Amino acid sequence: MTTPPTGGRTASPPGLAEELRISIARLSRRLRHLRPPAPDGGPNPLSLTQFAALAAIERHGSMTPGELADHEKVQPPSMTRVIAYLEERGLVVRSPHPTDGRQVVLMATDDGSALLRAERRRKEAWLSTRLGELTEDEREILRRAAPIIDKLSRS
């Protein structure tokens, strides 16, 4: 697999920004489309926002609804609807906050964690296959770039 010529556009920060934006968006779109349909053959039972919220809750162990809304950069009323749907599906549970009786914390259920594991396995299998098609040099470049891309995603 060869890298398409860029005509030197990636030499400057704006050119690199354009190349990364396009490539990352395309890869993200491909990974999103790997989501399985619902058991009845319909669309995936979770929206991307619901899936991201569930993943954040699981990753952090527990979060208040406000922390989750802030983490996901959505307004609290929108997150309230997401949480209600996840709770209705049995993917998250609410528990009393350990120090603030006015709040609750959200935790992923075993079913929620299992759903996330299956989704991650499916995506990682697809990506692993694609990475196997690259040269060792190309994989090494990606190994070195991964922490940098993660740093960009957190800023």
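Helix α4 (residues 76-88) is 13 residues long and spans 18 Å from its first C-alpha to its last, close to the 18 Å expected at 1.5 Å a residue; the expected span here is 1.5 Å times one less than the number of residues in the helix. Helices (H or I, at least four residues) and strands (E, at least two) are DSSP runs, numbered from the N terminus. The model is a predicted one, in which local features need pLDDT of at least 70 and side-chain atom pairs count only at pLDDT 80 or more, while totals for chains, interfaces and linings use all residues. Residues are numbered from 1 along each chain as its sequence is written, and side-chain values use heavy atoms, with hydrogens and water left out.

M79, V82, I83 and L86 are buried in α4, where buried means under 20% relative accessible area, exposed over 50% and partly exposed in between (1.4 Å probe, protein chains only). On the face of α4 turned away from its buried side are the exposed residues P77, R81 and E88. S78, also in helix α4, is partly exposed, with a relative accessible area of 31%. As for partners, the buried residues of α4 pack against α2, α3 (65-72), β1 (92-96) and β2 (104-108), with contact meaning heavy atoms within 4.5 Å.

In the loop between α3 and α4 lies K73, a residue other than glycine with a positive phi, near 60°. K73 is exposed, at a relative accessible area of 71%. Just after α4 comes G90, with a positive phi of about 80°.

Helix α2 (residues 48-60) also has 13 residues and reaches 18 Å between its first and last C-alpha, close to the 18 Å expected at 1.5 Å a residue. Its buried residues are Q50, F51, A53, L54, A55, A56 and I57, and they pack against α3, α4, β1, β2 and α5. After α2 comes G61, and there too phi is positive, near 85°.

The axes of α2 and α4 come within 10 Å and cross at roughly 80°; axes are lines fitted to C-alpha atoms, for helices over the stretch in contact, and angles run from 0 to 180 degrees between N-to-C directions. That angle makes α2 roughly perpendicular to α4, since angles under 35 degrees count as roughly parallel, over 145 as roughly antiparallel, 65 to 115 as roughly perpendicular and the rest as oblique. T49, Q50, A53 and L54 of α2 make the contact with M79, V82, Y85 and L86 of α4. By class, this contact of α2 with α4 holds six nonpolar, two polar and no charged residues. (Ala, Val, Leu, Ile, Met, Phe, Trp, Tyr, Cys and Pro count as nonpolar, Asp, Glu, Lys and Arg as charged, and the others, Gly among them, as polar.) For S78 and T49, which are 29 residues apart along the chain, the C-alpha atoms are separated by 9.9 Å.

The other crossing pairs α2 with α5 (residues 110-132), whose axes come within 10 Å and cross at roughly 110°. α2 and α5 are therefore roughly perpendicular to each other. From α2, F51, L54, A55 and E58 take part, meeting G112, S113, L115, L116, E119, R120 and K123 in α5. The contact of α2 with α5 has five nonpolar, two polar and four charged residues.

D111 is another α5 residue, and is exposed, with a relative accessible area of 53%. Leaving aside neighbours within four places in sequence, D111 is in contact with G90 and L91. D111 and G90 are 21 residues apart in sequence, yet their C-alpha atoms are 7.0 Å apart in space.

Zooming out, the protein chain has six helices and two strands, in the sequence pattern α-α-α-α-β-β-α-α. Of its 155 residues, 23% are buried. Among contacts between residues at least 6 apart in sequence, 48% join residues at least 24 apart.
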